[in-house]
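Have the structure open beside you, try each task, and then follow the solution step by step.

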Amino acid sequence: MEYAIIAAGEGQRLKKEGFKKAKPLLPLLGVPMIERLINIFAAQGARSVFIIINGKNKELHKFLVKHEFKIPIHLLLKDTVSSLHSFVALQEAFPHWDSCCLTTTDTVFEPDTFGQYVEAFQQGDMDGLFAVTPFVDDESPLYVTVNSDNRIVCFSDNKYPQAAFVSGGIYCLRKKAMQAAVESLAAGNQRMRNYQRFLIDKGFMIKAYPFAKIIDVDHLHDRETAEYFLMEQKSQS
């Protein structure tokens, strides 16, 4: 399985709040977010990591090229308008993928749970396994409803009683579900959440894997939440 990170955004909210570097370079306990993700993937046995960034992020590009990571980095420089466009661009640039684990750069989660999640996907026969969490820490959460077998039956922008989770921004996908991103984009969908709905509408077997907590870092105060969470996890390990 291949591992990929979408890091093509500009992080405008963080810049307005005073963090002038590229968002993926925001440090959590002294480690840039993107380096933390790469280290987690390496610990799971990833052979390499595929990353898409936009052409404006010169400092991020320099960091990814110059820094010595535990595993090789395959870098794609391309300006895109959404995470869905970025995912499709990655597939076009690296067409050999048979399955992948895809994350956004600002997703913070507990590594041991992630390892169990990857193992569950690799041992299962579903088209996709998506990380979900009951912890709502997003400005515009995507609510997730599952059946008794944890198969996802609905994604919604609005909260209602049956929606026990929100999407965590971590996706394990097999080939057909990955290729459906291209079809979804061609159908006029412009956002990752609409691609997720597209998968359900087309009958793909997409299951949910619950994480106790996944934090989405969009603002500087989110860094405090994320760092407290990581320190809490360290103290428990």
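**Exercise 1.** How do the residues of the lining of the second largest pocket divide into nonpolar, polar and charged? Find also which helices supply them.

*Solution.* Keep in mind that you are looking at a predicted model.

Step 1. The lining of the second largest pocket divides into 7 nonpolar, 4 polar and 4 charged residues.

Step 2. In total, 15 residues line this second pocket, and those nearest its centre are Arg 36, Ile 40, Pro 111, Leu 230 and Lys 234.

Step 3. Now look for the helices: helix 2 (33-43), helix 5 (111-123) and helix 8 (220-236) each give at least two residues to the lining.

Step 4. The space in the second largest pocket is about 350 Å³.

**Exercise 2.** Describe the largest pocket: its space, its lining and the elements that supply the lining.

Step 1. The largest pocket holds about 1,200 Å³ of space.

Step 2. Its lining has 47 residues, and Arg 13, Ser 83, Thr 104, Asp 106 and Asp 218 lie nearest the centre.

Step 3. By kind, the lining residues of the largest pocket are 15 nonpolar, 19 polar and 13 charged.

Step 4. Several elements supply at least two lining residues each, among them strand 1 (2-7), helix 1 (12-16), helix 4 (83-93) and helix 7 (192-201). Strand 11 (165-174) is also one of these elements, and it gives the largest share, 5 residues.

**Exercise 3.** Which residues form a nonpolar patch on the surface?

*Solution.* Step 1. The patch is made of Leu 29, Tyr 228 and Met 231, which together have about 310 Å² of accessible area.

Step 1. Take Met 231 as an example: this residue is found in helix 8. Its relative accessible area is 44%, so Met 231 is partly exposed.

**Exercise 4.** How many salt bridges are counted, and what parts of the chain does the pair of Glu 2 and Arg 47 link?

*Solution.* Side chains of opposite charge can pair when their charged atoms come close.

Step 1. The count comes to 7 salt bridges.

Step 2. One of them joins the side chains of Glu 2 and Arg 47, at 2.7 Å from N to O. This pair links distant parts of the chain, 45 residues apart: Glu 2 is in strand 1, and Arg 47 is in the loop between helix 2 and strand 4 (49-53).

Step 3. Check the accessibility of each partner. Glu 2 counts as buried at 9% relative accessibility, while Arg 47 counts as exposed at 57%.

**Exercise 5.** Compare two further salt bridges, Asp 218 with Arg 13 and Asp 157 with Arg 197.

*Solution.* Step 1. Asp 218 and Arg 13 meet at 3.4 Å, N to O. Asp 218 is in the loop between strand 13 and helix 8 and Arg 13 is in helix 1, so the pair ties together parts 205 residues apart in sequence.

Step 1. Asp 218 is buried, at 7% relative accessibility, and Arg 13 is partly exposed, at 38%.

Step 2. Asp 157 and Arg 197 meet at 2.8 Å, N to O. Here the partners are 40 residues apart, with Asp 157 in the loop between strand 10 (152-156) and strand 11, and Arg 197 in helix 7.

Step 3. At 40% relative accessibility Asp 157 is partly exposed, whereas Arg 197 is buried at 19%.

Step 4. Finally, find the network of salt bridges that links Arg 13, Lys 23, Asp 106 and Asp 218.

Methods: Residues numbered from 1 in each chain as written. Predicted model: local features only at pLDDT ≥ 70, side-chain atom pairs only at ≥ 80, totals over all residues. Heavy atoms only, no water. 1 Å grid on protein atoms, 1.4 Å probe; cavity = no way out; pocket = protein on both sides within 12 Å on 5 of 7 lines; lining within 4 Å. Points joined across faces, edges and corners; volume = space filled by probe spheres on them. Helix = DSSP H or I, 4+ residues; strand = E, 2+ residues; numbered from the N terminus. Nonpolar A, V, L, I, M, F, W, Y, C, P; charged D, E, K, R; others polar. Patch = residues over 30% accessible without salt bridge, like charges linked within 9 Å, V, L, I, M, F, W, Y side chains within 5 Å. Areas by Shrake-Rupley, 256 points an atom, 1.4 Å probe, with all protein chains shown as cover. Salt bridge = Lys/Arg side-chain N within 4 Å of Asp/Glu carboxyl O. Buried < 20%, exposed > 50% of the residue type's maximum accessible area, 1.4 Å probe, protein only.
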